[in-house]
Amino acid sequence: MSEPEGPRGGAVPVLDKPAQDHVPERAAAPADHRFWSARRAPAAVVAVVLLVVAGAFLYDVAAVRAHRPAMAWRRALARQLAERPLDDVWVLVGAGVAAALGLWLIVLAVTPGLRHVLPMSRPHPDVRAGLHRDAAGLALRDRAMEIAGVQSARVRVRRRRADVRAVCHFRDLDDVHADLDTVLTDAIRGLGLARPPRLSVHVRRPGKKG
């Protein structure tokens, strides 16, 4: 096959690009887990308590090493621990408090927290976003108020369910319920949540005044 000629009769080079039979797909985004709380307040409380207790014991041990008498509180604590039996009320109370605090710290360590933030879908692995549950509820409430016949609406969005309670002052309740199901299902899908909550709709007539 001859090469095409240029304006001066010279051959024009032609670069052939091989066809790509397979186009690599975009890497899948990581799992959309819940956001983890920084736990700043519990961490600060634990750090301050440990610092005070460790500092007090360290000062007392250093004083004893310097041939000074131990502090009265440490001598009293050692005497109480040596003399009180294990079934003493105060020993049981102290052990219960320590166990409760330890269990609380374990729960804070293994749970993500931030229950009010709903994770959104991640179209890109490097982008992560969340939607506040109150904001999601407000968006759904605005959509519900657009339905003909809805006088008022109250929406509560949870992690797994969105509860909608509407008051209808005209139109048939079944028709309003069907419209709310259709519109709010589409609205939930439009929020872009990683785990869309299940919709629960309740429609009633306004209560009698007086």
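User: In this predicted model, which strands does helix H5 lie across, and at about what angle does H5 run to E5?

Analyst: The model is predicted. Helix H5 covers residues 173–190. H5 lies across E3, E4 and E5, and its angle to E5 is about 150°.

User: What is the strand order of the open sheet, and which strands are at its edges?

Analyst: The open sheet has three strands with mixed pairing, in the order E3-E4-E5. From one strand to the next, the twist averages 15°. An edge strand pairs on one side only, as is the case for strand E3 (150–157) and strand E5 (198–204). The edges are therefore E3 and E5.

User: In what sense do E3 and E4 pair, and which residue in E4 is the bridge partner of Val155?

Analyst: Strands of a sheet pair through backbone hydrogen bonds, either parallel or antiparallel. For E3 and strand E4 (residues 161–168), the sense is antiparallel, over seven bridges. The bridge partner of Val155 in E4 is Val164.

User: Which strands does helix H4 touch, and what angle does its direction make with that of E3?

Analyst: Helix H4, residues 133–145, packs on the sheet. H4 touches E3 and E4, and its direction makes an angle with that of E3 of about 155°.

User: Which element gives the largest share of the nonpolar patch on the surface?

Analyst: The patch consists of Val45, Val49, Val53, Phe57, Trp73, Leu77 and Leu81, which together have about 630 Å² of accessible area. Two or more residues come from helix H1 (40–65) and likewise from helix H2 (72–83). Val45, for one, is found in helix H1. The largest share, four residues, comes from H1.

Definitions and conventions. Residues are numbered from 1 along each chain as its sequence is written. This is a predicted model: local features need pLDDT of at least 70, side-chain atom pairs count only at pLDDT 80 or more; totals for chains, interfaces and linings use all residues. Side-chain values use heavy atoms; hydrogens and water are left out. Patches are made of residues with over 30% relative accessible area and no salt bridge: like charges are joined within 9 Å, nonpolar side chains (Val, Leu, Ile, Met, Phe, Trp, Tyr) within 5 Å. Accessible areas come from the Shrake-Rupley method with a 1.4 Å probe; for residues, only the protein chains shown count as cover. A salt bridge is a side-chain nitrogen of Lys or Arg within 4 Å of a carboxyl oxygen of Asp or Glu. Two strands pair if DSSP finds at least two bridges between them. Axes are lines fitted to C-alpha atoms, for helices over the stretch in contact, and angles run from 0 to 180 degrees between N-to-C directions. Contact means heavy atoms within 4.5 Å.
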